[in-house]
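The sequence and structure are shown first.

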Amino acid sequence: MKVEKMLMILLFLLVLLVGKGESQQLITQYLPHFVAGSLPGSDWESKLLLVNLSGGSNAVVVEFFDNSGAPMAVATNKGTNSSFMVLLPKPASDSVSSEVLQIMRQSGSFVTGWVKAYSVEPFGVDLEFQQFLPGSTESVGKADVPPSPVENVLTYPLAPNNGVSLVNPGSQDANITFTAFDRAGNKVREGKFTLARGAHTAMFFNQDPFFLEEKGIIVIASNIPLSGIALEFEGLVFKTIPRIPTPRKLDSRRAGIKIGFVYLNSNDRSPMPKVE
């Protein structure tokens with residue numbers, strides 16, 4: 001049944017591509033973290049909001065993957081599956097065309113993973129996950145997860161209570177290096193780890209492989225473009241942390257004088273091709 005549904009989705013997208021001409025390409029967006037299910041002291045759910053940004057009707061395919069990159073079936077308000085086609089009607093002149101895909105918190109054991117959404121027409125997508133006390137209908141914490149484009153270099157604020165979620169949506173394993181700097185610009189730690197193709201990982205900066213207790217910035221670089229998001233935790237309150245501009249030069253010294261950080265333009269989202 002799942003194979004038949006995937007074939008129907010691919011056939012539908014093929015029809016759309018042919019109808020739009022050979023130059024039309026898939027628009028793909030990645031959401032590098034979602035959670036759902038139950039833990040001993042809390043319940044979790046995630047909710048995706050899809051918005052039609054085209055002038056006509058639209059169809060967005062949403063796929064869920066587990067930490068290894070395998071398709072993961074989830075219980076939602078639109079049924080249980082690992083892949084969904086969400087139809088967005090043509091927006092009226094005075095309204096927005098949108099749909100919600102909600103992953104139920106009563107879906108069973110606690111799971112984490114990542115999401116891939118794609119269409120041949122422009123669309124917007126955003127994910128919110130929430131934490132609930134068992135039996136409660138009001139959340140005690142929530143965070144917004146915007147789509148994260150794949151990049152080779154990701155830079156985030158560093159603190160022990162901050163965490164990061166990374167996804168390798170590529171077809172090859174990613175060799176990742178990280179370099180951490182304190183607030184004075186001193187290099188405090190660097191290391192390496194591997195993220196398999198399709199895999200997802202999430203950890204605090206004070207955990208393996210980082211083991212960092214300092215505050216400052218951390219630069220994560222990979223030979224394979226990654227999608228990522230950082231989170232800041234203060235007890236039960238947590239929020240996503242936007243990337244910060246990647247330094248062009250790190251811990252630079254010239255004539256015995258420390259130069260410090262030279263940042264990219266704050267509105268330039270593309271990292272420099274070479275980070276020294």
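## A salt bridge with two buried partners

E151 has a relative accessible area of 10% in this predicted model, which is under the 20% limit, so E151 is buried. Its salt-bridge partner is R243, and the closest N and O atoms of the two are 1.9 Å apart. E151 belongs to strand 11 (residues 151-158), whereas R243 sits in the loop between strand 17 (237-241) and strand 18 (252-254), so the pair ties together parts that are 92 residues apart in sequence.

R243 is buried as well, because its relative accessibility of 13% also falls under 20%.

## Other salt bridges

The count of salt bridges in the model comes to 4. Among them is the one between K187 and E190, whose side chains meet at 3.8 Å, N to O. K187 is partly exposed at 42% relative accessibility. E190 reaches 51%, and because exposed means over 50%, E190 counts as exposed.

K239 and E232 also meet through their side chains in a salt bridge, with an N to O distance of 3.6 Å. K239 has a relative accessible area of 49% and is partly exposed. E232, at 24% relative accessibility, counts as partly exposed too.

## The largest pocket

The largest pocket holds about 280 Å³ of space. Its lining consists of 16 residues, of which H33, A202, F204, L231 and F233 are the closest to the centre. Two or more lining residues come from each of strand 1 (27-39), strand 12 (162-167), strand 15 (200-204) and strand 16 (216-234).

What is the make-up of the lining by residue class, nonpolar, polar or charged? The lining of the largest pocket has 11 nonpolar residues, 5 polar residues and no charged ones.

D126 is placed in strand 9, which spans residues 123-132. With a relative accessible area of 24%, D126 is partly exposed, because this value lies between the 20% limit for buried and the 50% limit for exposed.

Leaving aside residues up to four places away in sequence, D126 touches K47, L48 and L49, along with D144, V145, P146 and P147. For one of these contacts, V145, the separation from D126 is 19 residues in sequence and 6.3 Å in space, C-alpha to C-alpha.

How values were computed
Residues are numbered from 1 along each chain as its sequence is written. This is a predicted model: local features need pLDDT of at least 70, side-chain atom pairs count only at pLDDT 80 or more; totals for chains, interfaces and linings use all residues. Side-chain values use heavy atoms; hydrogens and water are left out. Helices (H or I, at least four residues) and strands (E, at least two) are DSSP runs, numbered from the N terminus. Buried means under 20% relative accessible area, exposed over 50%, partly exposed in between (1.4 Å probe, protein chains only). Contact means heavy atoms within 4.5 Å. On a 1 Å grid over the protein atoms alone, a cavity is a set of points where a 1.4 Å probe fits but cannot get out, and a pocket is an open set with protein on both sides within 12 Å along at least five of seven lines; lining residues have an atom within 4 Å of a point. Grid points are joined across faces, edges and corners, and a volume is the space filled by probe spheres set on the points. Ala, Val, Leu, Ile, Met, Phe, Trp, Tyr, Cys and Pro count as nonpolar, Asp, Glu, Lys and Arg as charged, and the others, Gly among them, as polar.
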